[in-house]
Amino acid sequence: MKKRAKFPRPHASQAPTRARAAHHEVEGGRAEATWGEIVLSYLAGQQGPQSVAEITNGVGAAHPERTVQATVSRSTLEGLVARGKVQRAKQKGSVTYSMVAHEGAAEQAGQEQAPAESSVPA
């Protein structure tokens, strides 16, 4: 007869880990915004590209109740870049982030450039 390894099983009263984490985010019936949502809303209100320091300071000023760290801002921005919601630009050692242009505008710009390129004799 084989012996089975004993693993602790969660009690029926314990919620799964993700559910517990989501439960802790709720305060007074209202869920807090995620860092990604906060950073996206901040960048949406900006005209041009912003550095990590500018974003961190801007988010800190807009949300004084939350602790803002540059490393958290940077990793959040990189996650948003990976999802295609924010674009990163590198120039002479400095990195700036801005919102991605709307897809419709990018398609129109591509269509406008295509005829101009085809009209140039080869």
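Modeller: Lys-92 counts as exposed because its relative accessibility is 86%, and exposed means over 50% relative accessible area (buried is under 20%, partly exposed in between; 1.4 Å probe, protein chains only). The model is predicted: local features need pLDDT of at least 70, side-chain atom pairs count only at pLDDT 80 or more, and totals for chains, interfaces and linings use all residues. Residues are numbered from 1 along each chain as its sequence is written, and side-chain values use heavy atoms, with hydrogens and water left out.

Biologist: Where does Lys-92 lie?

Modeller: Lys-92 is in the loop between S4 and S5; strands are DSSP runs of E with at least two residues, helices runs of H or I with at least four, numbered from the N terminus. Although not a glycine, Lys-92 has a positive phi of about 50°.

Biologist: Why does Gln-50 count as buried?

Modeller: Its relative accessibility is 11%, and the limit for buried is under 20%; Gln-50 therefore counts as buried. Its place is in strand S3.

Biologist: What makes H2 and H3 roughly perpendicular?

Modeller: The axes of helix H2 (residues 35–44) and helix H3 (residues 52–62) cross at roughly 100°. Roughly perpendicular covers 65 to 115 degrees (under 35 is roughly parallel, over 145 roughly antiparallel, the rest oblique), so H2 and H3 are roughly perpendicular to each other.

Biologist: Which residues of H2 meet H3?

Modeller: In H2, Trp-35, Ile-38, Val-39, Tyr-42 and Leu-43 meet Glu-54, Ile-55, Gly-58 and Val-59 in H3, where contact means heavy atoms within 4.5 Å.

Definitions and conventions:
Axes fitted to C-alpha atoms, helices over the stretch in contact; angles between N-to-C directions.
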